[in-house]
Amino acid sequence: MYTQTMAGAMLVLALAGHSAEAFSGLGPAPLRANQQSSAVTFRGASGVSPVLRNGPARRGSFLTELKALSGPFGGKGWFSGPKERKSSGGTAVASKDSDVFKLAQENFKSWNDALLSKDHKKVAALYGTKDISFLPTVSPKFIQGTKDTEDYFVEFCKKLPDGTITADDVQPYGEDAYLHTGMYTFMTGPPSDRQPVEARFSYMWRIVDGQWKIVHHHSSAVPGAPAAPAAPADATVEEMYPVAQDNFKRWND
């Protein structure tokens, strides 16, 4: 009864922001608010190691430290920036200031730099060697192996692609995987005649044997606007007049 009473009193005081050390002589000391927490690091595809949940010791109430230690995924602590938002499916979406979002940008840059090198093997090396799912932009194939991945990039690199992300989200799945989705634009073709290709993408990156690898990649060109319905061959002036007015309004707008 004494132990339960003191534990309850210490918890109430800690939640109120009072120091538990003032009562340390009355029972076992609780978790110290200024206790150091361990840092977790992951290495990006380019070899740089962004630090997750690293920095000076946290100071505050017991409740503050408890929240910091638990993290948004029960101890997995991906987020160092503002609170994440929820996707429509309920999965947390990383803030733009979070470590996992920065890691996703770094890994995409490594992938795009590999394209710029024109080395198809270097690009393919960023993909998993088994259990991969690759649906590329300009191929009808469902690629599931290294050989087909290399073959695809042999031809794709000939287009001299250079990709730029125009909109994206990152959704972490534990500490060893994340989903990166969004829109990107590729400039392709010879220097004298570069053409933009807008596309949608999704990457699933996962740590495989200590390195970040792409285990899923889907990319598809953005569909064009639906074509306007053709006028009937026997349409009368009266039938086409409102169509002409509508088209003029769209042009003027």
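What follows moves from the whole chain to its parts.

## The chain as a whole

The model is predicted. Six helices and nine strands make up the secondary structure of the protein chain, and of its 253 residues 32% count as buried. Among contacts between residues at least 6 apart in sequence, 49% join residues at least 24 apart.

Within H5, the buried residues are Thr149, Glu150, Tyr152, Phe153, Phe156 and Cys157. Viewed down the helix axis, the buried residues of H5 fall within an arc of 160°, and therefore they line one face of the helix. The partners against which these buried residues pack are helix H3 (99–116), helix H4 (120–124) and strand E5 (133–135).

Helix H3, one of those partners, has 18 residues and reaches 26 Å from its first C-alpha to its last, close to the 26 Å expected at 1.5 Å a residue. Since 13 of the 18 residues of H3 are buried, this helix is largely enclosed by the rest of the structure. Just after H3, Lys118 takes a positive phi of about 65°.

## The cavity

How many cavities of 30 Å³ or more does the structure hold? There is one cavity that reaches this volume, and the space in the largest cavity comes to about 60 Å³. Its lining is formed by Trp111, Phe134, Pro136, Thr137, Tyr152, Phe153, Phe156, Tyr184, Phe186, His217 and Ser219. By class, eight of the lining residues are nonpolar and three are polar, while no charged residues take part.

Which elements each supply at least two residues of this lining? They are H5, strand E7 (177–188) and strand E9 (211–221), and the largest share, three residues, comes from H5.

The C-alpha atoms of Gly128 and Val208 are 7.5 Å apart in space, although 80 residues separate them in sequence. Not counting residues up to four places away in sequence, Gly128 touches Thr146, Lys213 and Ile214.

The loop between H5 and strand E6 (162–172) holds Lys159 and also Leu160. Lys159 is partly exposed, with a relative accessible area of 39%, and Leu160 is likewise partly exposed, with a relative accessible area of 28%. With residues up to four places away in sequence left out, Lys159 touches Val138, Thr188, Gly189 and Arg194.

Most residues other than glycine have a negative phi. Against that background, Asp131 has a positive phi of about 55° although it is not a glycine, and Leu160, not a glycine either, has a positive phi of about 55°.

## Thr164 in strand E6

Thr164 lies in strand E6, and at 48% relative accessibility it counts as partly exposed. Its C-alpha atom is separated by 5.4 Å from that of Tyr184, 20 residues apart along the chain. Leaving aside neighbours within four places in sequence, Thr164 is in contact with Met183, Tyr184 and Thr185.

## C-alpha separations

The pairs discussed above are set side by side here.

| Pair | Separation in sequence | C-alpha distance |
|---|---|---|
| Gly128 and Val208 | 80 residues | 7.5 Å |
| Thr164 and Tyr184 | 20 residues | 5.4 Å |

Methods
Residues numbered from 1 in each chain as written. Predicted model: local features only at pLDDT ≥ 70, side-chain atom pairs only at ≥ 80, totals over all residues. Heavy atoms only, no water. Buried < 20%, exposed > 50% of the residue type's maximum accessible area, 1.4 Å probe, protein only. Helix = DSSP H or I, 4+ residues; strand = E, 2+ residues; numbered from the N terminus. Arc of directions from axis to C-beta. Contact = heavy atoms within 4.5 Å. 1 Å grid on protein atoms, 1.4 Å probe; cavity = no way out; pocket = protein on both sides within 12 Å on 5 of 7 lines; lining within 4 Å. Points joined across faces, edges and corners; volume = space filled by probe spheres on them. Nonpolar A, V, L, I, M, F, W, Y, C, P; charged D, E, K, R; others polar. Expected span 1.5 Å × (residues − 1).
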